[in-house]
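Hi,

Here is the structure I promised to send over.

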Amino acid sequence: MSFIYDKLFNKLKEKGISTYQLRQNGLSPTIINKLAHGQNVNTSTLEYFCKLLNCDIGDIMEYIPSEDQAIIAEVKK
């Protein structure tokens with residue numbers, strides 16, 4: 001898993017926005033599930049949340065290098 005969206009869910013909680021409300025406004029349960037499990041989502045989904053929460057992309061997601069990526073970075077040195 002390279003991306004985590006814990007920041008997104010924390011911001012939603014701070015704003016009092018539930019996943020139920022997101023689903024009621026057209027966001028599919030599949031997308032919510034993907035975010036909860038750090039899976040790939042479309043950039044338009046990320047844009048939706050940045051607009052909704054009036055924030056930057058770094059405010060809703062975080063990049064965590066996987067072990068394989070750390071090994072590759074080490075080899076490139």
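Let me start on the outside: Lys51 counts as exposed because its relative accessibility is 60% (exposed means over 50% relative accessible area, buried under 20%, partly exposed in between, with a 1.4 Å probe and protein chains only). Bear in mind that this is a predicted model, where local features need pLDDT of at least 70, side-chain atom pairs count only at pLDDT 80 or more, and totals for chains, interfaces and linings use all residues. Residues are numbered from 1 along each chain as its sequence is written, and side-chain values use heavy atoms, leaving out hydrogens and water.

Lys51 forms a salt bridge with Glu47, with the closest N and O atoms 3.3 Å apart (the cut-off is a Lys or Arg side-chain nitrogen within 4 Å of an Asp or Glu carboxyl oxygen). A search of the whole structure turns up 1 salt bridge. Glu47 is partly exposed at 43%.

Tyr48 is partly exposed at 29%, whereas Phe49 is buried at 1%.

Phe49 also touches, among others, Leu8, Leu12 and Ile60 (contact means heavy atoms within 4.5 Å).

Cheers

Terms used: Lists of a residue's contacts leave out its neighbours within four places in sequence.
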